[in-house]
Amino acid sequence: MADQTNKPLGLERVKKWLYAKDLDERSSGCVLCGSCYGHGPANPMEDVPGPKEKCPPYEYYKFQRHTPKSRWLMAQRVFHGLDTITPELKEVMAACTNCLMCQELCGVRGDGYGPWDITVAMREEITEREGPLPAHQAIFDGLKQHDSPWGQTARGAWADGLGLTQLGRGQAATLLFAGCSAERASGRSGAVALAKLMQTAGENFAILGDQEKCCGLYAFDLGYRREYERLKDANLATLTQAGVTKVVVACGSCQRIWREYAKEASGFEVVHGVEFVAQALTTGQLKFTKTIGKKVTYHDSCHLGRGCGVYDPPRQILRAIPGLQLVEMERNQRWSWCCGGGGGAPEADPAMAQWNAADRMREARASGAELMLTSSALCQRSFDELPEAGLPTQDLLEFILAAL
Ligand code: SF4
Ligand code: SF4
């Protein structure tokens, strides 16, 4: 089982963590410690207590099979030919919201891989053997046919009227990567605000406009590894040809994937818009002048937070706005609770994904804030689509722009 470049795929890719025999190197796996779910013991490697709630599908279903540990064991048994891929196994794998909490908690991750990596590899194995899940077929087709998880055929409309330069028609060392969400209501305001913030800061940058392709987030997370590799190669080729050395992204999920590229390629740095703004405030390129008498809370996106370790810049920015009061939700930063919007969960397990978003919204209300700020278009969409009105939410970049 190999792709065109002979890279291993699926469970073969992670066999070192599935107790495979006859390897030259030591093979290991889950040690059943229970740190990754429920109210299990704290990870002995940690010097701070872990969160009370860990894996969203487990908290929703309260069945052992929905723990990260079970996902790992299921993958192990399939790899060794002890189990087949059953409908139940597919259901369990599809419920993972890709929140990365298990990855953050698991002591075994120090070996190089964690439970979430195994879930992704199991998803790849399912795709290789059986193709995409029916609930994700449209996403798979959209990526394959239009380089977009939502099958977008026209790109770049988000930038209409902003007077931005398209890479190729003008050169720039900095690229603003808007992301597929920029063409949807949930992500448009963040991308537009980032462009205006970069213009205000005097940054010389270009966009990809109608040439932009998906970063590959859905392809990576849903187990479409061949599509991910194709999109990654195309995006990196564009960067190299244009001589781009800095990529600024508008969405926390794009950030996680661009950081994934950077593990294999060099010569460029990747920053989220909030990191760009934090830096521009330090250099004086941006400055807050208005007083904003509001109480806000900030929702750490799983991908920007646990995925990229970006916790301080959003808080530094908010504390720099005159008059603004930042209050934290009970679960924040490393232990932030997922919105349920990732990993294809809203398509495969909508009831669970919506419960996850509603639970986070309940926590935001309990913080006493009047507004919740987000830094990933997928989180913004989760809260926008809640049937019951909760706290208002807004993309952090849009909020920052209005505060200048
Ligand atoms: S990534 Fe999150 S939802 Fe998925 S198994 Fe780990 S803790 Fe559970
Ligand atoms: S996946 Fe990691 S944290 Fe969870 S039970 Fe196994 S070793 Fe422990």
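Colleague: What makes nine residues of the shell around ligand 2 nonpolar?

Modeller: Ala, Val, Leu, Ile, Met, Phe, Trp, Tyr, Cys and Pro count as nonpolar, Asp, Glu, Lys and Arg as charged, and the others, Gly among them, as polar. By that rule the shell around ligand 2 has nine nonpolar, two polar and one charged residues. Its residues, each with a heavy atom within 4 Å of the ligand, include Cys30, Gly34, Ser35, Lys69 and Trp72. Bear in mind that this is a predicted model, where local features need pLDDT of at least 70 and side-chain atom pairs pLDDT 80 or more, while totals for chains, interfaces and linings use all residues. Residues are numbered from 1 along each chain as its sequence is written, chains are lettered from A and ligands numbered from 1 in written order, and side-chain values use heavy atoms, leaving out hydrogens and water.

Colleague: Which residues are closest to ligand 1?

Modeller: Cys55, Cys96, Cys99, Leu100 and Cys102, out of 13 around it. Helices H2 (56-61), H3 (68-79) and H5 (101-105) each give two or more residues to that shell; a helix here is a DSSP run of H or I with at least four residues, a strand a run of E with at least two, numbered from the N terminus.

Colleague: How do you know that E8 and E9 pair?

Modeller: Pairing takes at least two bridges found by DSSP, and E8 (residues 371-374) and E9 have three, in the parallel sense, so they count as paired. Leu373 stands opposite Gln394 in E9.

Colleague: Why are E7 and E9 at the edges?

Modeller: The open sheet runs E7-E6-E8-E9. E7 (325-326) and E9 (393-395) each have a single partner strand, so one side of each has no neighbour in the sheet.
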